[in-house]
Amino acid sequence: MENSVDDTICAIATPVGEGGIGIVRVSGAHAIDVAAHVVRPRSRQPLQQLESHRLYLSDVLYAESPLPPGEGQASAIDEALVVVMRKPRSYTGEDVVEIQTHGGAWILQATCHGLIRHGARLAQPGEFTKRAFLNGRLDLTQAEAVLDTIQATTSRGLQAAQSLLRGSLSKEIDAFRERLIRVLAHVEAGMDFAEEDITFIQAAEVQQALTDTQVAVERLIASYEEGRIIREGIKVAIIGRPNVGKSSLLNALLKLDRAIVSDQPGTTRDVIDESLNVRGIPLRLLDTAGLRPTQDTIEGEGIRRTEDAIAEADVLLLVLDGAGGITDEDRAVFDTYGSRRHLLVMNKMDLPESRTFDVRSFSLPSESPLPPGEGQGEGPDPLSPLWERARVRGKEETPAFVKVSAKTGEGLDHLTSVIQSVCLKEGLEATPSVLVTRLRHKASLEQAHCSIEEAMRSLERKESGECVALDIRAALDALGEITGAVSTEDILDRIFQDFCIGK
Ligand SMILES: Nc1nc2c(ncn2[C@@H]2O[C@H](COP(=O)(O)OP(=O)(O)OP(=O)(O)O)[C@@H](O)[C@H]2O)c(=O)[nH]1
Ligand SMILES: [Mg+2]
C-alpha cells in the first residue's frame with residue numbers, strides 16, 4: 001500500500017541502544033486513538049481526555065508481554081511519561097503523542113510494534129519533519145537546519161544551524177523574491193499597456209532592481225565556501241612518502257594513540273579518518289598510506305585509497321622528513337599533487353639533522369625557489385594561491401611551509417591555525433551572519449543568478465517584456481526552491497532521505 005500523508009506514523013525518536021530514557025513518537029490524525037491502545041495513564045483518564053502539553057505517568061501495555069497479564073489481555077511492560085500535543089501546537093502540526101519509556105531496545109520496539117498493530121505505520125526517514133514542512137511549521141531551509149542541528153559537532157556548526165533554523169536565510173531569499181515580484185509586475189504592466197517594449201524609465205528602474213538583487217545573490221553564493229566548512233568541517237589529507245611521520249602527526253594532533261606508528265616504511269594501509277574540533281571548526285584528518293612505487297598488492301590498494309582521500313580533501317598536508325631531507329619520492333608526490341591547495345609540513349624538527357634542512361632545495365615544477373617573494377616567480381608557481389591569499393588579506397604572510405615535531409608537539413597549534421586560515425578566506429571573526437552552508441542552496445542561487453543575468457541582457461538588448469518576464473519567473477522559481485515556496489516531490493525526497501527515522 002502506498003504511504004500517504006494521511007497515515008498515522010510512529011517511530012523510535014532516540015538513538016538505538018541502551019539509554020536512561022527512550023522516546024517513541026506518534027503523529028497523525030489518529031495518533032491519540034492509536035496510542036490509547038498502548039499507553040494507559042495511571043490517573044485512569046482516557047488518553048483522549050488528557051490535557052495537551054502535560055506529562056502523565058502511564059503504563060505501557062503490550063499484548064505479547066512476557067510478564068504475567070494484569071487487567072485485561074495486555075499487561076504493562078514498562079512505566080512511561082506520556083505527553084499529548086494537540087494540533088496545530090506540535091512539531092508536525094498534527095496531533096502528536098510522545099511516549100517516554102526506559103531506553104531499552106526491546107521496550108521501545110514493543111511500544112512501536114503495539115502502535116503499528118493498532119493502525120499506525122512506521123515513519124520513513126525525516127517524515128515527521130517533512131510533515132512539519134507540509135503543514136507550514138517550517139520552511140525547507142529550516143527543515144534542513146533541524147538536521148544540521150542534530151549533526152553539529154562544534155559550536156560554530158551549531159551557531160550556523162540555529163541561524164538557519166531561525167530563518168535567517170529564508171528572510172533574505174524572501175526579500176529577493178519580493179523585489180523580483182515587484183520588478184515582474186513592472187515588466188508585465190509595460191507589456192499590457194504599451195503593447196511594445198517597456199519604456200526607458202521603467203527599463204532603468206528594472207535594471208537597477210535586478211542589479212541590486214544580483215549583487216546580494218553573489219554575496220550569498222560567495223559565502224558558501226566558508227559555510228560548507230563550518231557545517232562539514234575542513235577535510236585535511238595527510239600525505240607524503242613513507243616514514244615521514246604522517247601517522248605520528250595524526251596521533252599528535254588528536255592527542256590520541258590512534259594510528260600505528262613504526263620505523264618501517266609502508267606501515268599505514270587503510271585511510272584513517274578522525275575529527276578534531278579546532279576553535280569551533282571541525283578538522284577531518286585523513287591519515288594515508290605513504291606514497292611510493294610498489295609491487296606489493298596490499299600497499300598498492302592502500303595507495304589507491306590514499307588517492308581517493310586526496311581527491312575529496314580541501315587541503316593536503318604534504319609531510320616532509322626534516323631529518324631525512326628531500327628525496328625523489330617527495331618530489332614525485334609534489335609533482336603529482338602540488339597543484340592542489342596544500343601546505344608543506346616539515347616534520348621531525350626536534351632532530352638535530354633538521355637544522356640543515358633547506359626547503360629551497362625542493363625543486364618545484366616551476367623551478368621557482370621557496371618562498372616566492374613579491375612580484376617574483378613568473379611561471380605557474382604552484383604555491384602562489386597561498387601567498388596570494390595572504391597578500392590579499394593584508395595579513396602577515398601565511399606560510400605555505402610549517403615546521404613541526406609530531407614527537408614534541410612543537411608547531412602543531414600553528415599548523416592548525418594555518419590550515420584554518422588557508423581554508424577560511426575571511427577569517428572566523430569576519431564570517432557573515434547569513435551563510436550558505438548547503439550545495440543545494442548554492443546551486444539554486446547560481447541558477448537564479450543565471451536567470452537574472454539573462455533578464456538583464458534581454459533588457460539591454462531591448463527585447464520584448466515577455467522575454468524579460470520569463471527569465472525573472474525562472475529566477476523566482478530557483479529562489480523559491482531554496483525555501484520550498486516552490487517544491488516538487490523529487491526535491492522533498494532528496495532532502496528528507498538524509499534524515500533518520502524518527503526525526
Ligand atoms: N624524532 C622524531 N621522530 C618521528 C617524528 N614523527 C615520526 N617519527 C618517527 O618516524 C617513524 C615513522 O613514523 P610514522 O608516523 O609511522 O610515519 P608514516 O609517515 O605514517 O609512515 P607510513 O605509514 O609508513 O607511510 C617512526 O619511527 C616515528 O617514531 C618526530 O616528529 N620526531
Ligand atoms: Mg603511517
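Modeller: One definition comes before the sheets: two strands pair if DSSP finds at least two bridges between them. Please also keep in mind that this is a predicted model.

Colleague: Fine. In what order do the strands of the seven-strand open sheet lie?
Modeller: The order is E3-E4-E5-E6-E2-E1-E7, and the pairing is mixed.

Colleague: Which strands stand at the edges there?
Modeller: Strand E3 (39–41) and strand E7 (121–122) do. Each has a single partner strand, so one side of each is left without a neighbour in the sheet.

Colleague: How many bridges does E3 make with E4?
Modeller: Three bridges link E3 to strand E4 (residues 55–62), in the antiparallel sense. Within that pair, Arg40 is opposite Asp59 of E4.

Colleague: And what about E1 and E2, how do they run?
Modeller: They run antiparallel and are joined by four bridges; Cys10, for instance, faces Val26 in E2. The two strands make a hairpin with six residues between them, and Gly17 in the turn has a positive phi of about 125°.

Colleague: Which other strand does E2 pair with, and over how many bridges?
Modeller: E2 also pairs with strand E6 (residues 96–103), antiparallel, over eight bridges. Ile23 is placed opposite Gln100 of E6.

Colleague: Let us turn to helix H3. How many of its residues are buried?
Modeller: Seven of the eight residues of H3 (residues 127–134) are buried, so the helix is largely enclosed by the rest of the structure. The buried ones are Glu127, Phe128, Thr129, Lys130, Arg131, Ala132 and Phe133.

Colleague: What covers them?
Modeller: The cover includes strands E1 (9–12) and E2 (19–27), together with helix H4 (140–151) and helix H16 (489–496). Just after H3 comes Gly136, with a positive phi of about 75°.

Colleague: Now the other sheet: what is the order of its six strands?
Modeller: That open sheet reads E9-E10-E8-E11-E12-E13, with mixed pairing. Its edges are strand E9 (272–278) and strand E13 (401–403); each has a single partner strand, so one side of each lacks a neighbour in the sheet. On average, neighbouring strands of this sheet are turned by 25° against each other, direction ignored.

Colleague: In which sense do E8 and E10 pair, parallel or antiparallel?
Modeller: E8 (residues 234–239) and E10 (residues 281–287) pair in the parallel sense, over five bridges. Asp287 in E10 is the bridge partner of Ile238.

Colleague: Which strands does helix H11 lie across?
Modeller: H11 (residues 328–337) lies across E8, E11 (315–321) and E12 (342–347), and runs at about 165° to E11.

Colleague: How many residues are in the largest nonpolar core?
Modeller: It has 121 residues, and those with the most contacts inside it are Ala35, Val236, Ile239, Leu318, Leu343 and Val345. Helix H15 (residues 465–483) gives the largest share, eight residues.

Colleague: What is Leu318 in contact with, leaving aside its neighbours within four places in sequence?
Modeller: Its contacts include Ile239, Val333, Phe334, Tyr337, Leu343 and Val345.

Colleague: Last topic: which residues of H13 are buried?
Modeller: Leu415, Thr416, Val418, Ile419, Val422 and Cys423 are. Seen down the axis of H13, the buried residues fall within an arc of 160°, so they line one face of the helix.

Colleague: And what does H13 reach from its first C-alpha to its last?
Modeller: H13 (residues 412–423) has twelve residues and reaches 17 Å, close to the 16 Å expected at 1.5 Å a residue.

Terms used: Residues are numbered from 1 along each chain as its sequence is written. Chains are lettered from A and ligands numbered from 1 in the order in which they are written. This is a predicted model: local features need pLDDT of at least 70, side-chain atom pairs count only at pLDDT 80 or more; totals for chains, interfaces and linings use all residues. Axes are lines fitted to C-alpha atoms, for helices over the stretch in contact, and angles run from 0 to 180 degrees between N-to-C directions. Two residues are in contact if their C-beta atoms, placed from the backbone, lie within 7 Å. The expected span of a helix is 1.5 Å times one less than its number of residues. A residue is buried if 20 or more other C-beta atoms lie within 10 Å of its own, exposed if 12 or fewer, and partly exposed in between; C-beta atoms are placed from the backbone. The arc is that of the directions from the helix axis to the C-beta atoms. A nonpolar core is a set of buried Ala, Val, Leu, Ile, Met, Phe, Trp, Tyr and Cys residues joined through C-beta atoms within 7 Å.
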